[in-house]
Amino acid sequence: MSLLKRIPDGALSAGYFAGFLTCIALLGAAYYFEYALYLEPCPLCIVQRIATLMVGIGCLWAFLGRNTQWPLRIGLLFTSASSVFGAWVANHHVTIQNLPADEVPVCGPGLEYMIETLPPSELITTILKGDGSCADVSWLFLGLTMPQWMLVVFLGFLVVSVVALVRVWSR
């Protein structure tokens, strides 16, 4: 606990903003992969983008509320919850990618069609299940797929936001 007290408040504030910028960069990279490299995102990729946006909003909220107790805590709690959600989705995506070929779910209709035809509750359930397109591995970096990297990123955000929460709550 004494180690957490040694972290200067300015470093925490810079960290909140750095987290926001990291999320912006991740979303920018996702759109680069989609529009410049023509890698079509699957439904779980889209949900991970939403989770990344939520983490970024939480970081920005923490940065803007850094001088007030409850807005800062709410921002960090939102960041932590969004990170847990993102890690869950990324882990589910990794699981689908590691299934044997005969256990991969069948490909469903396109995301645009599902949005137009399904009621919201069924849409969310269908998207979170993933489909056959989620099993495709179209990109590797240092031996890890995009969902594996996103799992690392979300777990990193979770650890950092929980450490910041402990530090802020102990004041």
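How far apart are F17 and F20 in helix α2? They are three residues apart in that helix (residues 9-35), so about one helical turn separates them; helices here are DSSP runs of H or I with at least four residues, numbered from the N terminus. The model is predicted, with local features needing pLDDT of at least 70 and side-chain atom pairs pLDDT 80 or more, while totals for chains, interfaces and linings use all residues. Residues are numbered from 1 along each chain as its sequence is written, and side-chain values use heavy atoms, leaving out hydrogens and water.

A search of the whole structure turns up five aromatic pairs (Phe, Tyr or six-membered Trp rings with centres within 6.5 Å; stacked under 30 degrees between planes, edge-to-face over 60, tilted for the rest). One of them joins F17 and F20, tilted at 35° with 6.0 Å centre to centre. Y31 and Y35 make a stacked pair, at 6.2 Å and 10°; this pair sits four residues apart in helix α2, again about one helical turn. Y35 is exposed at 54% relative accessible area, whereas Y31 is partly exposed at 42% (buried is under 20%, exposed over 50%, partly exposed in between; 1.4 Å probe, protein chains only).

The charged end of R66 sits over the F63 ring, 4.1 Å from its centre (NZ of Lys or CZ of Arg within 6 Å of the ring centre and within 35 degrees of the ring normal).

As for cysteines, there are zero disulfides (sulfur pairs within 2.5 Å). The sulfur of C59 lies 5.2 Å from its closest cysteine sulfur, in C23, too far for a bond.

Notes:
Helices (H or I, at least four residues) and strands (E, at least two) are DSSP runs, numbered from the N terminus.
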